[in-house]
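User: I am new to this structure and would like to learn how to read its features step by step. Could you begin with the general idea each time, and then turn to the case at hand?

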Amino acid sequence: MLSKLGRGGLRVAEEVRAAVSAGGAVVALESTIFTSGMPRPINVDTALEAERIVRSRGAVPATVGMLAGRLVVGLSQAEIAALGGDDYAIKCSTRDLPTAMARRLNGGTTVSATLVAARLAGVPVFVTGGIGGVHRHGQDSMDVSADLVQLGRTPIMTVCAGVKAFLDVGRTLEVLETQGVGVATLLLGDDAKQPGKKEEVEFPAFYTPSSGHKSPCTLHSVAECARVLAGVRSLDGPGFLLAVPIAREFSEFSSTVDAAIRDALDEAGRLGIRGRAITPFLLDRIARLTDGASLRANVALVKRNADVGAQIAKAFSELQDAAAATGKK
């Protein structure tokens, strides 16, 4: 896969390349989280802390971004800081990759673009905050994120906190089903239930653990997630979306954030904000309307997802090692 982009179009950090080659645990991390999703300096601090968490679990972090028209898998800390402070960094979705390369632009990669990069580099696990989806009234506007299409094309496990809460969660789940994407909610710790019991688990909605929509599937351990990922990789078809609910402590401000979302959406409509500009606008406006509570939740869920994603990557690597050892006997 690497040769298709050529040496000039893709740069994979040596640490990432070596870990992938050895079958080690590697986690791809998205960069629009810190280029357009959070204010400074919280953005860079969060990105670097996510990398630290991944390393603490025995995995290699591979933060993805666009630098001078080159897709980079495994940004250095200095490059993360520079990209997070770049006023001209673009929001780079899948469709933007060729033009960003041609124009030698800097950019943060969205979920869809990060999935492309992770597949090219051979990274099986990807961590983000929340995925894009069908916007409210998307049945009329046809405003549907490229994230959903790319998830259907890429045999990678994407770990997130669900669909961003200001989107149409129900319709997003329907499109994911159409794309063939497996979707599950992971219950750990106090949220976990015994496998086999009849359960009605809701799919999370980014800022809150519940969306009002039933999760298509429920997983109960990191080991189970690793086995699912093994199936995804063996089929080499659509990817898998794993939703990790935000900590229950944040559910107490669900009514506050719901009201803020309605106000932010109304304001975006009045101002005519749409397309790639709407998500950064909504995240910023919701943070202001909640006196920073939504931003604190955003930071917390990114760290939680990084922790879970790294554990899955480590378990998957060990599973592959065990399978290889069994095959040699």
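Analyst: A residue counts as buried when its relative accessible area is under 20%, and as exposed when that area is over 50%. Please keep in mind that this is a predicted model.

User: Which residues of helix H5 are buried, and which are exposed?

Analyst: In helix H5, which spans residues 77-84, the buried residues are Glu79, Ile80, Leu83 and Gly84. They lie on the same side of H5, because the arc they cover around the axis is only 130°. Gln77 and Ala78, on the other side of H5, are exposed.

User: What do the buried residues of H5 pack against?

Analyst: Their partners are the strands E1 (10-12), E3 (60-67) and E6 (107-109), together with the helices H3 (32-35) and H4.

User: Which side chain of opposite charge is nearest to Glu51, and how far away is it?

Analyst: A salt bridge needs a side-chain nitrogen of Lys or Arg within 4 Å of a carboxyl oxygen of Asp or Glu. Glu51, in helix H4 (residues 42-56), is buried but has no salt bridge, and the nearest side chain of opposite charge, that of Arg55, is 5.1 Å away. Beyond its neighbours within four places in sequence, Glu51 is in contact with residues including Gln77 and Ile80.

User: How many bridges join strand E9 to E11, and how many to E10?

Analyst: Strand E9 (residues 182-186), in which 4 of the 5 residues are buried, runs parallel to E11 (residues 240-243) and is joined to that strand by 4 bridges, with Val183 opposite Leu241. With E10 (residues 218-219), E9 pairs in the parallel sense over 2 bridges, and here Leu186 stands opposite Leu219.

Terms used:
Residues numbered from 1 in each chain as written. Predicted model: local features only at pLDDT ≥ 70, side-chain atom pairs only at ≥ 80, totals over all residues. Heavy atoms only, no water. Buried < 20%, exposed > 50% of the residue type's maximum accessible area, 1.4 Å probe, protein only. Lys, Arg positive; Asp, Glu negative; His and termini not counted. Contact = heavy atoms within 4.5 Å. Arc of directions from axis to C-beta. Pairing = 2+ DSSP bridges.
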